[in-house]
Amino acid sequence: MKTNSLNEVSLGGQFTFPDTSLTVRRMGYGAMQLAGTGVWGPPKDPQGAVAVLREAVAAGVNHIDTADFYGPHITNQIIRKALHPYPAGLVIVTKLGAIRPPDGSWQPAGSPKDLTAGVHDNLRNLGLEALDIVNYRTMGSIHGPKEGSIAEQVKVLADLKRQGLIRHIGLSNVTATQVAEAQAITDIVCVQNNYNLANRADDALIDDLARQGIAYVPFFPLGGFTPLQSSTLSAVAQRLEVKPMQVALAWLLHRSPNILLIPGTSSVAHLRENLAAAQLTLSPQTLAELDGIAAASEAPKH
């Protein structure tokens, strides 16, 4: 593995969202962990959070994923403090569909009033006049989608797009059926779902989106609240003299050219490890070895 400085990291190559002028490097940054414990309240180290964002952008990251319900409001306010006025070419992707009441829970917020208010919250806290991309996130199950019409919510976003408050629309935590329903209403530029080396339920959806040139952005690329654990993953990482999580991120970049990564962290050191994963080349034999992790995780338990 090369030891280039961060400014020389390729960050996985580039991807242009369909029918847009927005081109990002495939290794991005997810801002959720910049808020306090439980994605609630301010972080223990506000200046450290600012430092992570500035380090990411200095390293070449130009795709930041956020939501105004992180904190709530905290994460977007930190992004603004760290990076505003924003550098040319930086794409900030946010999401709607949830609200955080005073008890810190996560509640659905999909009414026209909620969605419109959410757009204005994002605009105000980020210091923007229009949002590059807004994902409508269904609450579904805790970390997975649930069938059901999303036409009403997508129509609201399409109207906000016509008003010039949103430039492009994406979806999060959705099924293939919901993607098709949304596409009948407006153009969809990205889909953000739970996917990683051991959770590959979206394989067919990823391939279908790739054929359409639509981005697929896995959340929980490292397993989320239950980090990936695999003897195979550990063995591959030891052989390559890198960390297991770097292998897991590199595998995602190899999986399909439409996959964009947004691993999050509140640590500069961890950020550097994540970005370095984009330099890791995996041989066909190693990729086949890693594919076995998904097969093992899907095997029936006796």
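Visitor: Leaving aside its neighbours within four places in sequence, with which residues is Leu 53 in contact?

Guide: Contact means heavy atoms within 4.5 Å. Setting aside neighbours within four places in sequence, Leu 53 is in contact with Tyr 29, Leu 34, Ile 64, Ile 78, Ile 79, Ala 82 and Leu 83. The model is predicted, so local features need pLDDT of at least 70 and side-chain atom pairs count only at pLDDT 80 or more, whereas totals for chains, interfaces and linings use all residues. Residues are numbered from 1 along each chain as its sequence is written, and side-chain values use heavy atoms, with hydrogens and water left out.

Visitor: Which residues touch the most other members of the largest nonpolar core?

Guide: A nonpolar core is a set of buried Ala, Val, Leu, Ile, Met, Phe, Trp, Tyr and Cys residues joined through side-chain atoms within 4.5 Å; buried means under 20% relative accessible area (1.4 Å probe, protein chains only). The largest core here has 75 residues, and Tyr 29, Leu 53, Ile 79, Leu 171 and Leu 290 touch the most other members. Helix α8 (residues 244–255) supplies the largest share of this core, seven residues. Another core, of 13 residues, lies apart from it and includes Val 24, Val 93, Val 217 and Ile 262.

Visitor: In what order do the strands of the open sheet stand?

Guide: Strands of a sheet pair through backbone hydrogen bonds, either parallel or antiparallel. Helices (H or I, at least four residues) and strands (E, at least two) are DSSP runs, numbered from the N terminus, and two strands pair if DSSP finds at least two bridges between them. The seven strands follow the order β3-β4-β5-β8-β9-β10-β11, with parallel pairing. Because β3 (29–30) and β11 (215–219) each have a single partner strand at the edges, one side of each is left without a neighbour in the sheet.

Visitor: How many bridges join β9 to β10?

Guide: Two bridges join β9 (residues 166–172) to β10 (residues 190–194), and Leu 171 has Val 191 as its bridge partner in β10. Between β10 and β11 there are five bridges, again in the parallel sense; there, Val 191 is partnered by Tyr 216 of β11.

Visitor: Which residues of β10 are buried on each face?

Guide: Cys 190, Gln 192 and Asn 194 are buried on one side, and Val 191 and Asn 193 on the other.

Note on methods: Buried < 20%, exposed > 50% of the residue type's maximum accessible area, 1.4 Å probe, protein only.
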